[in-house]
Amino acid sequence: MEDGFSSYSSLYDTSSLLQFCNDDSASAASSMDVTDRIASLEQRVQMQEDEIQLLKSALADVVRRLNVSEEQQAMGSRRGPTKARPMIATLPLRPTVNNGNVLPKKGTLPSPSGPGSRKDTSTPANKSTVRRTNSNEHVGTLTRKDSGESKGNRTRAGSTGSNSSGKRSDSKQRDPVFNAEEGYVRMYLKGRPITMYMPKEQVDSYCLEARAELPSNKLKLDWVYGYRGRDCRSNLYLLPTGETVYFLASVVVLFNVDEQLQRHYTGHTDDIKCLAVHPDKITIATGQVAGTSSDGKQLAPHVRVWDSVSLNTLHVLGSGFFDRALVCLAFSKSNGGNTLCVVDDSNDHVLSVWDWQREDRLAEVKCSNESVFAADFHPTDSNIIVTCGKSHLYFWSLEKGTLVKKQGLFEKQEKPKFVLCVTFAENGDAITGDSSGNILVWGKGTNRISHVIPGAHEGSIFTLCMLRNGTLVSGGKDRRLVSWDSGYQQIQTVEVPELFGPIRTIAEGRGETVLIGTTKHFVLQGSLDGDFIPITQGHTDELWGLAVHPWKPQFLTCGFDRQVCLWDSSSHQLIWTKSMEDSAQSAGFHPSGAVVAIGTQTGRWLVLDTDSKDLVTVHTDGNEQLSVMSFGPDGNFLAIGSHDNYIYIYAVAENGRKYSRVGKCSGHSSFITHLDWSVDSQYLVSNSGDYEILYWIPSVCKQVVSVETTRDIEWATYTCTLSFHVFGLWPDGSDGTDINAACRSNDKSLLVTGDDFGKVHLFSHPCSQFRAPSHVYGGHSSHVTNVSFLYDDSYLVSTGGKDMSVMQWRIV
């Protein structure tokens with residue numbers, strides 16, 4: 001999709017458009033119409049590009065078939081097709097390892113789940129008095145704006161992570177065929193045949209109908225790396241238990257910093273966008289976006305109210321009432337927290353008030369057709385709610401089941417473009433921060449300004465927090481943390497280092513400490529005097545690269561945010577991070593662990609020293625993304641799988657510090673997706689975007705076409721998603737792109753996969769029975785882009801695409 005964007009950006013001046021879309025002072029929703037137009041243009045360009053790719057693939061297939069035909073005529077026809085191999089489906093007749101299937105890249109046809117095509121299924125409940133503006137034209141884009149609208153160039157435009165409605169093929173999947181005479185299984189992906197030869201010793205005993213067993217092991221979520229601060233507000237709190245609560249993807253994290261322990265609430269099925277803590281400091285409410293399950297069912301946006309001690313769900317509110325997503329949540333303060341106010345992300349941003357214990361909706365009203373950033377109850381009057389957002393500040397009164405609006409009057413004060421946050425003083429005054437950098441105080445019970453702090457910040461004020469001692473703390477785009485006394489005189493100012501980014505939200509910690517969430521996905525702990533320490537951090541853009549250290553409990557991640565991060569899985573700490581010039585796509589450790597290779601989206605690749613993170617060498621191969629970086633088990637070769645259909649081979653010397661190009665393996669007619677080396681480092685197997693399985697002798701860059709040579713090769717790893725030993729991982733009705741990554745455990749007993757629906761699957765290995773059963777685990781809210789076992793199989797690590805999360809699972 002990135003390619004599609006760049007190809008038309010030269011035709012249209014999109015710089016001002018994108019500047020507006022990326023403006024920190026507005027939420028993602030405020031550029032709704034612009035985003036839709038961009039998405040539509042992207043889709044059209046992507047379709048045209050994919051048609052060209054299809055023509056190229058078809059031409060390559062014709063040339064290959066002509067060569068095969070000439071070869072057969074020269075040799076004479078040695079034998080006819082077997083019964084299980086109809087003539088029309090088999091060219092060449094001689095068994096070769098190239099399965100010869102040409103398929104368009106994802107996106108040749110417009111996806112049913114593409115922007116704007118999905119129907120709005122959220123029908124208001126019967127008692128609703130609010131008639132919503134039809135929002136069908138925005139639903140597809142908005143629900144997944146941040147979590148999986150595209151999976152990079154590797155797959156088609158319409159793949160939207162866990163929201164990939166309509167990905168499943170309507171036509172019945174053809175069952176696999178077992179040919180005992182030649183010893184292969186042929187499976188079908190979207191009607192395309194893929195032939196996989198099995199080891200000779202398994203041919204006689206193999207039975208296609210045998211049922212595979214579930215693995216005896218299971219996964220338990222151990223740690224979540226990251227925080228969502230880029231586009232969410234008021235999502236960081238300290239509980240009396242000493243746990244800091246925040247969310248990422250579809251997981252709520254309860255992190256005890258002192259004990260370095262995390263607990264996780266995993267009741268949600270898709271992106272969480274808002275969070276509120278009850279006055280009892282135990283009950284928590286969280287709201288999620290609309291989604292789609294892997295079988296195409298719509299998952300309605302809803303609010304879950306749950307117990308932070310037991311992690312049990314107490315109530316689920318609003319399924320079928322809310323539209324698109326929930327953007328604001330707040331419990332009332334003065335009536336024991338009995339009511340909950342909610343704002344959804346529909347065109348009208350409907351404000352509703354709920355008796356959450358009875359799951360009863362008390363009132364609802366259209367709030368604004370512009371973005372809403374905050375909503376909160378008055379601290380002493382549970383019938384008054386304040387909402388603010390783009391070009392508005394409203395004071396709502398709940399009177400006999402009806403919400404009555406009074407608009408905030410700015411009078412002589414210049415009206416800001418965005419009112420971004422609201423809190424309350426001890427005397428009941430409302431306090432707002434806006435995009436002009438001003439703090440405005442609104443007299444209790446009125447809609448008029450009683451005090452102004454002009455120029456409190458340079459640029460937008462993203463958050464206001466009233467501490468227990470009556471001190472007001474503000475933070476914003478200028479990265480300054482400013483404290484104010486009860487007379488609104490400035491007490492002190494401290495600046496957060498640029499590395500951490502603008503301040504998104506502030507929460508009161510223990511004693512004198514404060515917690516800060518930033519737009520660069522850091523959670524900081526510190527004081528009003530400064531000295532901020534990150535307690536959690538994560539990536540800030542789409543994430544694909546994952547590599548595990550060959551003999552230490554460490555793993556490395558890299559992504560489109562141009563950050564390379566080395567993590568310690570035992571301490572859950574970041575060991576080091578390094579900024580790069582290009583977006584990173586892939587990574588692989590040298591078997592010695594001394595260096596790690598990083599592949600980028602531009603064809604450039606780098607080698608870094610694992611201990612010092614110093615640059616060892618830089619090379620460039622092609623100008624497209626490098627999807628796989630894989631060292632041979634003996635450390636003497638590096639194979640690089642590129643989006644330009646080639647596999648580049650380098651000879652490696654001096655323990656990973658010297659590289660000389662051997663050549664490139666040419667034969668695939670689509671982009672390289674996965675690579676595996678043989679145990680003896682003599683052979684390489686590759687998968688491509690058109691479902692080819694090809695074998696190579698990398699030292700001479702030659703393709704191996706003899707089945708007898710390749711069928712009994714022992715492979716060091718199983719990351720290829722197409723092979724006899726793993727084909728059972730494909731779900732029924734798959735379109736061949738649902739599985740992004742696979743990894744076999746080092747003890748060879750387990751196989752794990754990451755799919756397009758935010759799920760991690762755990763299978764028994766070998767996984768060579770059709771539709772093998774698996775344990776399924778949620779947590780990611782976008783396509784799971786990569787999975788890998790640590791060197792000792794103690795943990796599994798998974799990375800999310802657009803959800804930008806890294807999750808560590810314990811094998812139990």
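Colleague: Which residues lie nearest the centre of the largest cavity, and how many residues line it?
Modeller: Bearing in mind that this is a predicted model, the largest cavity is lined by 19 residues, and those nearest its centre are Tyr197, Tyr695, Trp715, Ser723 and Phe724. Strand S3 (192-197), strand S49 (693-697) and helix H6 (707-710) are the elements that each give two or more residues to this lining, and S3 supplies the largest share, with three residues.

Colleague: What makes this space a cavity rather than a pocket?
Modeller: A cavity is a set of points where a 1.4 Å probe fits but cannot get out, whereas a pocket is an open set.

Colleague: What is the make-up of its lining by class?
Modeller: The lining of the largest cavity has 13 nonpolar residues, together with four polar and two charged ones.

Colleague: Why is Tyr265 called buried?
Modeller: Its relative accessible area is 2%, and buried means under 20%, so Tyr265 counts as buried. Tyr265 is placed in strand S8, which covers residues 261-265.

Colleague: How do you know that the side chain of Tyr265 makes a polar contact with that of Thr313?
Modeller: The two side chains are paired at 2.6 Å, and the cut-off for a polar contact is 3.5 Å between N or O atoms, one able to donate a hydrogen and the other to accept it; the pair is therefore counted as a polar contact. Beyond its neighbours within four places in sequence, Tyr265 is also in contact with other residues, including Ser250, Arg304 and Trp306.

Colleague: Is Ser483 buried or exposed, and why?
Modeller: Ser483, in strand S29 (residues 480-484), has 2% relative accessibility and therefore counts as buried. Its contacts, leaving aside neighbours within four places in sequence, include Thr471, Val473, Ile491 and Leu528.

Colleague: What makes a group of residues a nonpolar core?
Modeller: The members must be buried residues of the nonpolar kinds, joined through side-chain atoms within 4.5 Å. The largest such core has 42 residues, and among those with the most contacts inside it are Leu219, Phe555, Val760 and Trp809. Strand S4 (residues 219-225) gives the most to this core, with five residues, while a second, separate core of 31 residues includes Leu189, Met198, Phe727 and Ala772.

Note on methods. Residues are numbered from 1 along each chain as its sequence is written. This is a predicted model: local features need pLDDT of at least 70, side-chain atom pairs count only at pLDDT 80 or more; totals for chains, interfaces and linings use all residues. Side-chain values use heavy atoms; hydrogens and water are left out. Helices (H or I, at least four residues) and strands (E, at least two) are DSSP runs, numbered from the N terminus. Buried means under 20% relative accessible area, exposed over 50%, partly exposed in between (1.4 Å probe, protein chains only). Contact means heavy atoms within 4.5 Å. On a 1 Å grid over the protein atoms alone, a cavity is a set of points where a 1.4 Å probe fits but cannot get out, and a pocket is an open set with protein on both sides within 12 Å along at least five of seven lines; lining residues have an atom within 4 Å of a point. Ala, Val, Leu, Ile, Met, Phe, Trp, Tyr, Cys and Pro count as nonpolar, Asp, Glu, Lys and Arg as charged, and the others, Gly among them, as polar.
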